[in-house]
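Please look through the model below with its backbone pairing and side-chain packing in mind.

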Amino acid sequence: MPQTAILNVEIDGLIRILQRMSELSSGILQAGMAGDEQATRTLVDQLRQEKSLLLLKNRAVGEQLRDAASETKQQIQELLDNIAKSEQFIAAWCSRYRGIVDHQTMMESVERSHDLLDELLPMAWDWKNDILILPNWVTPELIAAAYQRGQKRICIFEFDDSTRLTENPKPFYINSEKAAFEYFAQSEVYGAARIIYVSIATPERAQNEEHTEKAHKLLEDFKMAFVHRIANLNTVKLQGARLLKQGLENLSAVAAATPFSKMIGQFEGSPMLIVSPGPSLDKNIDQIKDFKGRALIVAPAQSALALTTAGVVPDIVVVADPNEMQYLLDGVPMEQVTALVLGVTCHPALYQQYAGKIITFNANLGLDAWISDIFKDTTTLPAGGSVSTDALCMGIFLKCSPIIIVGQDLSFAEGKQYASKSADGQVQIVKNEEANTISYSNLTEGLETVFAAGGFDGRTLTEPLRTLPGYYGGTVFTKTDYTIFHTEFQNIAQAVKDEGSGIKLLNCTEGGAYIEGFNHISLRQAYDVLGEPEQAIDFTRKLKDILINKDTSTRRENLAKSLKVMRINLHAAGVSAAKCRQLVRSAIRSGQIGNLAVEEKRLIAVVQKTLFISLAAQEKIMHALKIGAEAQNLPESLAASNILFRLIKEVSDELIPVVDQTLQRLSKDLVG
């Protein structure tokens, strides 16, 4: 479907929402004049939902409305004018008991709780996806009323030992940062969801500064967990296609490389030193040479240059990011580095340049799982959002102890984001404490490319300025993604404690953020903790042995079988999608959808066999499904389905040549 046709579908959808809002507006005024409170409430709740849909539709159509026909603009304005007629009445009706009946009294019955919800809920509200948070002293009647209204997501901030509700459905209780992350881990969160915390009828015992601080902390933790979840969703949306294509291109190289599972059991009980590129690394980088041969030295690619400049060659360099990160290794004597641990969807250039010393791992969990399935590698690292958390997870999985982190500031120091000699050491952070934001200056070309891949212009990008507890007390300035990583570090440390593995975690950053669950000591003290080893550990020899023993022939055979099945399914999906498009045109003319339904069922079955098809066009597919959900009649539904069928055909046509190229490379490898 041409872009103009898609835009017309979007504008038509916008008009339908406004038409429904206009009808609801008129209905609300009529019900109000008749004194019918229940009808008024029902219509106002429906209007809340439509306003929520309108906000999403405005984002989809946006400035493109300026190019709409004048008749369309006039129709939209007339609908808006009619909607506006009820706004003053609705505002007065929703707050009709304000100042007359106190909230505590209103919560004591379900009937009056509905009156309270009329007042509390925003006028744009998605009953299915938006999250309502309440304190745990609200009554069961209020929660029951919210569920009756259609509210699906209710969380309770737990401030004391009040009895929890056990009704079904029941709200989710939040009493810590960990609980907030657990909520989003088990929840299919919607990207545009709103969150409101309604602190009502606060009892006298909780009307103090301590309670206020706890409520603020819980809300910040909850929002951070939400941001973390949305960040993961955005990774799929922005990087899904890239991860898929690079994964396909890398398959033959991954087959020839060593999987991370080969490292298991080789370093148990050995110390590991993870050297991150934070600005505090400048203070103690000279001490790291003392750890050579005493601990397995692991460096994220960003810190590799700083280390080697200081005369220390790391045993392992780690790259997880799928972007063009090759620039991080410019000037690094990689011929002296024993192993390069690479995410399976990292840039193909890294696989080409450093073949022979590569150990692979799943850097993006679910997004990379299909590659592990091909090689029957069941080792899945619980990796996090940063390469340093990936390295920490590796150390824990290998049962290294102690695991020492250094340069892990998770914050800024004197306008610096990275250590001076690291690859991006010249980058400056510009704080605007008045606007509570940060921006960047003196960006390297490589970092500008990374920002651009995420949809940002690093030269104009501003981000919220946040704080974290400081290593030496007080607070330090940071940004959102660092706050997420900080939470991940703490969650990993808690998991280590809960498992009782005995692994010691030492934070020897000597600056930056304080990380709960780590023992904070100086790097010199950590060296003393290691003591004299009973016998020297030859990390280089161990890594070289691991790189040699990799079962390449078996991995290539498994890959060849999978690629052939993959190609068959992609071809079948393309053929079926093309046939569905033909049947859509026929159904639009005849109104008969029987044949289309049969072929669509066949298409769904073959797409399910090739699940990564959705990764190649995640955002477009979700957009097509949304248009379908908004369809009001058969022609509109068929038009939306046609968009989806076209996308599947395009994805199949695009991926088949990539699979063929991988098969050709693999064929040469097998012959060789």
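Strand 12 and strand 13 (residues 437–441) pair in the antiparallel sense over 5 bridges, where strands are DSSP runs of E of at least two residues and helices are runs of H or I of at least four, both numbered from the N terminus, and where pairing requires that DSSP find at least two bridges between two strands. Within this pair, Val430 has Ser439 of strand 13 as its bridge partner. The two strands belong to an open sheet of 3 strands with the order 12-13-14 and antiparallel pairing. Strand 12 (428–432) and strand 14 (462–464) are its edges, and each has a single partner strand, so one side of each is left without a neighbour in the sheet. On average, neighbouring strands here are turned by 30 degrees against each other when direction is ignored; axes are lines fitted to C-alpha atoms, for helices over the stretch in contact, and angles in general run from 0 to 180 degrees between N-to-C directions.

The model is a predicted one, in which local features need pLDDT of at least 70 and side-chain atom pairs count only at pLDDT 80 or more, while totals for chains, interfaces and linings use all residues. Residues are numbered from 1 along each chain as its sequence is written, and side-chain values use heavy atoms, with hydrogens and water left out.

The loop between strand 12 and strand 13 holds Asn436, which has a positive phi of about 60 degrees although it is not a glycine. Most residues other than glycine have a negative phi, and most peptide bonds are trans. At 43% relative accessibility, Asn436 counts as partly exposed, the class that lies between buried (under 20% relative accessible area) and exposed (over 50%), with a 1.4 Å probe and protein chains only. Ala201, in the loop between strand 4 (195–197) and helix 9 (209–256), likewise has a positive phi, of about 50 degrees, without being a glycine, and its relative accessibility of 23% makes Ala201 partly exposed. A cis peptide bond, with omega near -5 degrees, leads from Ser401 to Pro402, and Pro402 is placed in the loop between helix 14 (387–397) and strand 11 (403–406).

How many of the 9 residues of helix 11 are buried? The count is 8, so helix 11 is largely enclosed by the rest of the structure. Among the buried residues are Ala301, Leu305 and Leu307, and the cover over the buried residues of helix 11 includes strand 6, helix 10 (281–284), strand 7 and strand 8. After helix 11 comes Gly311, with a positive phi near 90 degrees.

Helix 14 packs against helix 16 (residues 480–499) at an angle of about 10 degrees, with the axes 10 Å apart. That makes helix 14 roughly parallel to helix 16, a description given to angles under 35 degrees. The contact is made by Ser388, Thr389, Leu392, Cys393 and Ile396 of helix 14 together with Phe485, Glu488, Phe489, Ile492 and Val496 of helix 16.

Phe157, in strand 2 (residues 153–157), is buried, with a relative accessible area of 0%. Leaving aside neighbours within four places in sequence, its contacts include Ile133, Tyr197, Leu218 and Phe222. The C-alpha atoms of Phe157 and Leu218 are separated by 7.4 Å, although the two residues are 61 residues apart along the chain.

For the protein of 672 residues, 53% count as buried, and the secondary structure comes to 23 helices and 18 strands. Among contacts between residues at least 6 apart in sequence, 70% join residues at least 24 apart.

Terms used:
Contact means heavy atoms within 4.5 Å. Angles under 35 degrees count as roughly parallel, over 145 as roughly antiparallel, 65 to 115 as roughly perpendicular and the rest as oblique.
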